[in-house]
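Subject: Structure handover

Dear colleague,

Here is the structure for your files. My notes come after it.

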Amino acid sequence: MSNIESLSLEHRSFPPSESVVKQARISGMADYHQLCTKAAEDYKGFWANLARQHLFWHKPFTRTLDETHAPFYTWFDDGELNASVNCLDKHMGTPVQNKTAIIFEADDGKVTHITYQQLLERVCQFANALKAHGVHQGDRVIIYMPMSIEGVIAMQACARIGAIHSVVFAGFSANALHERMVDTEAVAVITASHQHRGGKILPLKTIVDEALSLGHCDAVQHVFVYQRSETPCPLTPKRDKTFADILANQPNTCEPVIVNAEHPLFILYTSGSTGKPKGIQHATAGFLLWAKLTMDWVFDMRPEDIFWCTADIGWITGHTYIAYGPLAAGATQVIFEGTPSYPHAGRFWEMIERHRCSIFYTAPTAIRSLIKASEAHPEVHPAHYDLSSLRLLGSVGEPINPEAWMWYYQHVGGKRCPIVDTFWQTETGGAVISPLPGATPLVPGSCTLPLPGILASIVDETGHTVPHGTGGMLVFEKPWPALARTIWRNPERYQLAYFPASLGGHRYLAGDSAVRRPDNGYFCMIGRMDDVLNVSGHRLGTMEIESALVALTELVAEAAVVACPDPLTGEAICAFVVLKGAYPSDHEAKQIAVRLREGVTQNIGAIAKPKYIYFGESLPKTRSGKIMRRLLRNIAKGESITQDTSTLENPDILAQFDRVY
Ligand code: WT7
């Protein structure tokens, strides 16, 4: 007697409808299992076939996977190709040539279309301009751009000449930008005069100037500026040039630089538990293969689809599912400059209706904030928009709670669209654990099963697989082509962080804890096991925020940062701060909290601003001097302290944390 309606959400299963299964590339679970078996029986052959089928090689590879220097694996390493050829040139002479590649919608609603052929021409022009300014294969180029067609062109142009791009999210501060310019030793910065978001025009180029003025980035020869608005921005003679200047007279064809499969395509910085952000380095062929393949598998991309991924090109999702994947798949995609709530919280639904989007891929935080907005303003509820063009929904970046899943399923997807809850990371290059829309029965709150060729397990500290139903560490047993190759100029850290000797030294440790459901073996993500926070799907290190606080040397003596659950943003940042001066009065604390938030915004960016700040005369520490973070997490959650605090060096200070700012 199974009455599905009476089951709690987490136990309900939503199998794909017959019509969805019938049309899908991977059609039904038998198809899925068959692919998994193929990979298990001949791992190298499985990947070699896919790489031959989905990529265009100038020189075919003969070696598939080289494990000699594990965990520094290489793939297809005697093959040669070019990423931009695989995204653009390969479509010329096919029906895709004159198809719209990008539908760009600006913050103010202005819409621009560009076809594949036009995009190729503009990428070539830009690539020629980079070459004319001495940018060579292997050089690093920083891209600090708002969401725009020009941002994608800049990335593709780098790929065309074999330059390695490092995109920095345009919400990051001058300090954060500077850190990345120095670490990559970039020769050029590509930026925009301003960015338009939520009806505001914010200067961007001046942040680049500020970053450059911090010194130690003498390698930067050029700053290329996309003039986004009429408002002029300061240009330093010789060093700075506008796009209009550098593109004038550049031919619209450009011979691609053919690179080795392992040539770094890009470096993207992401937070770890310790130290500065890590420059995650991806290889050309492996990354591109997975970007293309997961477009086919996870999104089941079809020629008539209108694909919209709402991520920013400053994050990995924007690399894989905006700048590379959709183009490699020949898709038409929407790129949006603005924010989901401007001019009103119905903007996403309005855009889906206007552009007839069929696939919509966003983050749980966005969904939760739009649920909240539609409760307050019923006129922005998705029910008021024509969303009938949708056939598939996606979620990424953080766990999606079953209630948000259900709302997304019912009100956005009209109970007709599967939701692919895609688990992955900057390091994994693309989705690795995700439903297949035409095969996997969905369970709200679960990212379901690993994609074919991906071997995921959950293990304990000794490396043994735990039984289903028991939580443990998520590991990947074998490398796959899109796994990051190293941390830029820091292979030791790569090996140490991701391939711990305690787990055998060859398994990739994701840093997340997870559990498999006893009934079907589905994976459910629990959260990070390290000191990495996930705020609105943005990854931040507690250490980075602590450093930003302590950098306010005149104010702060010591700081500790922990996460607390937040109904909207998933996690929220809570900072515990010891001031240099006396313990503050209520009035002083309010003022200081403002200065601390400003400081963090300047040092990292507004996304890292603590939501809650507590002040104490010291931090709770053990007698050996270790900060008791567990205790801080209890306080942040508003839980009463039931544990033994007798080992605390200074138990009295706990009482001070009853005030929060
Ligand atoms: C961390 C990676 C995936 C691209 C964007 C984020 C969390 C990501 C999910 C999901 C539960 C998820 C993990 C992961 N995460 N997707 N579907 N369900 N958690 O990439 O910035 O490198 O962050 O995001 O904790 O480790 P990232």
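The notes below cover the ligand site and then one histidine.

This is a predicted model, in which local features need pLDDT of at least 70 and side-chain atom pairs count only at pLDDT 80 or more, while totals for chains, interfaces and linings use all residues. Residues are numbered from 1 along each chain as its sequence is written, and side-chain values use heavy atoms, with hydrogens and water left out.

Ligand site. The ligand has 17 residues around it, of which Asp-421, Thr-426, Asp-512, Arg-528 and Arg-539 come nearest (a residue is near if one of its heavy atoms lies within 4 Å of the molecule).

- Asp-421 places a polar side-chain atom 2.8 Å from a ligand nitrogen.
- Thr-422 has a backbone N or O atom 2.8 Å from a ligand nitrogen.
- Asn-534 has a side-chain N or O atom 3.4 Å from a ligand oxygen.

The protein buries 95% of the 550 Å² that the ligand exposes when taken alone (Shrake-Rupley method, 1.4 Å probe).

His-133. This residue sits in the loop between helix H5 (116-132) and strand E6 (140-144). His-133 counts as buried because its relative accessibility is 18% (buried means under 20%, with a 1.4 Å probe and protein chains only). Leaving aside residues up to four places away in sequence, His-133 touches His-222, Phe-224, Lys-241 and Ile-246 (heavy atoms within 4.5 Å).

Regards

Note on methods: Helices (H or I, at least four residues) and strands (E, at least two) are DSSP runs, numbered from the N terminus. Buried means under 20% relative accessible area, exposed over 50%, partly exposed in between (1.4 Å probe, protein chains only). A polar contact is a pair of N or O atoms within 3.5 Å; within protein, one must be able to donate a hydrogen and the other to accept it, and residues adjacent in sequence count only if both atoms are side-chain atoms.
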